[in-house]
Amino acid sequence: MFATRRRRPLLGLDITPSSVKLIELSAHRGGYRVEAFAAEACPPETISDSTIVDAEAVGDAIRRAVRRSGSRTREAAIALSGDSAITRVIEMPRHLRGAELEERLELEAERRIPFPMEEVSFDFDVVGPSSRHPDMHDVLIVAARTENVEQRQAALEAAGLLARVVDIEAFAVEKGCRLLSHQMPGAGAGKVVAVVDAGATTTRFCVLDDLKVSYARDVAFGGNRLNEDVMRKYGMGFEGACRARERGSLPDDYRTGVLAPFIDAMAEHVGRLLEIYRSSDGASPERILICGGCAKLPGIADALASHTGIAAAVGNPLGEMRLAPRAEGAHAAAPTLLTACGLALRGFD
Ligand SMILES: Nc1ncnc2c1ncn2[C@@H]1O[C@H](COP(=O)(O)OP(=O)(O)OP(=O)(O)O)[C@@H](O)[C@H]1O
Ligand SMILES: [Mg+2]
């Protein structure tokens with residue numbers, strides 16, 4: 001009865017059009033320890049609009065990341081992005097169980113999901129009693145195009161990995177946000193906090209209420225735009241612009257002429273998202289935490305704070321964790337690891 005069930009380790013693997021990021025966590029003194037980490041760029045054009053075009057090239061990037069991380073774990077949790085999956089909460093009679101419940105859900109899903117069912121992979125989770133009807137249960141249904149799931153599995157297989165968990169990005173982000181609680185007033189309990197994940201192509205704005213996402217919205221604006229500005233201004237290619245930016249080897253007028261206007265534009269986007277959220281009667285957040293690659297731009301948190309009048313800081317999901325020596329590199333990448341961390345946490349469900 002007291003036998004401890006050894007958890008099989010799991011890699012959290014965040015695959016985006018710009019990069020593959022992986023992290024492995026272990027349980028450590030009531031918290032977590034980072035066992036392995038790596039990030040690898042995805043070659044351009046291998047993923048387009050969340051569809052993997054070249055599974056082999058993505059597989060290569062995953063393989064490089066795994067090798068570099070030093071991890072021997074071969075099972076991973078991956079996510080499907082929002083536009084390739086659909087989620088709905090539906091009510092079902094509480095007495096339904098097993099095959100009967102599944103059958104009813106499938107019929108209901110067929111009515112509510114705008115894809116033909118034969119092209120869809122379908123899963124569900126009984127969330128709990130419905131707040132409106134005591135004799136009903138809220139059931140979360142998730143449907144994704146089987147093609148999208150299979151492409152991702154194929155990319156993992158090409159890298160010698162197995163997808164043990166296929167999650168939805170929004171759920172992974174919500175899980176990852178719990179690791180930001182150390183930066184929230186009252187550790188997030190009963191508090192309203194905004195988390196901005198400003199990546200390469202997309203900036204996600206979500207509001208957490210008591211650590212649960214109560215509102216989320218995306219804009220198609222991110223670090224790629226800054227890169228394009230650099231390319232245009234200095235006549236560089238995409239990779240050259242990335243490298244020059246990382247090395248800080250751009251001309252003197254980069255800071256005032258390119259970076260500052262980009263940061264202003266980001267602050268304006270976030271300000272607008274905040275206004276849209278507030279106009280839907282949302283309570284004002286007490287704090288903004290910014291994550292994603294753009295969180296590493298110098299002065300971005302201050303710009304958000306002065307534009308919105310709300311205290312802002314760079315979010316660090318690894319803030320309370322110890323790092324294994326081989327995973328030291330995760331420190332610098334921490335703000336970009338929200339999704340990967342949320343996926344890695346699935347290993348502790
Ligand atoms: N040190 C840095 N300084 C400035 N920008 C950076 C830095 N590191 C990464 N970026 C930028 O951040 C972006 C990548 O961020 P991130 O890894 O969060 O995106 P992603 O998750 O791949 O993309 P998305 O979430 O949009 O699908 C790129 O545009 C990159 O140029
Ligand atoms: Mg991202």
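Reader: Which residues in α5 meet which residues in α7?

Author: This is a predicted model, in which local features need pLDDT of at least 70 and side-chain atom pairs count only at pLDDT 80 or more, while totals for chains, interfaces and linings use all residues. Residues are numbered from 1 along each chain as its sequence is written, and chains are lettered from A and ligands numbered from 1 in the order in which they are written. Helices are DSSP runs (H or I, at least four residues), numbered from the N terminus, and two residues are in contact if their C-beta atoms, placed from the backbone, lie within 7 Å. Here Arg225, Leu226, Asp229, Val230 and Lys233 of α5 meet Gly257, Val258 and Phe262 of α7.

Reader: At what angle do α5 and α7 pack, and how far apart are their axes?

Author: Axes are lines fitted to C-alpha atoms, for helices over the stretch in contact, and angles run from 0 to 180 degrees between N-to-C directions. Helix α5 (residues 223–234) packs against helix α7 (residues 253–279) at about 160 degrees, with the axes 10 Å apart. That makes the two roughly antiparallel, since angles under 35 degrees count as roughly parallel, over 145 as roughly antiparallel, 65 to 115 as roughly perpendicular and the rest as oblique.

Reader: How do α7 and α8 pack?

Author: The angle between α7 and helix α8 (residues 300–308) is about 45 degrees, with their axes 9 Å apart, and the two helices are therefore oblique to each other. Their contact includes Ile263 and Leu274 of α7 and Ile300 and Thr308 of α8.

Reader: Which domains does the assignment give?

Author: Domain bounds come from an automatic or database domain assignment, which gives domain 1 (11–82 + 149–175 + 321–348), domain 2 (85–146) and domain 3 (180–314). The centres of domain 2 and domain 3, taken over C-alpha atoms, are 35 Å apart.
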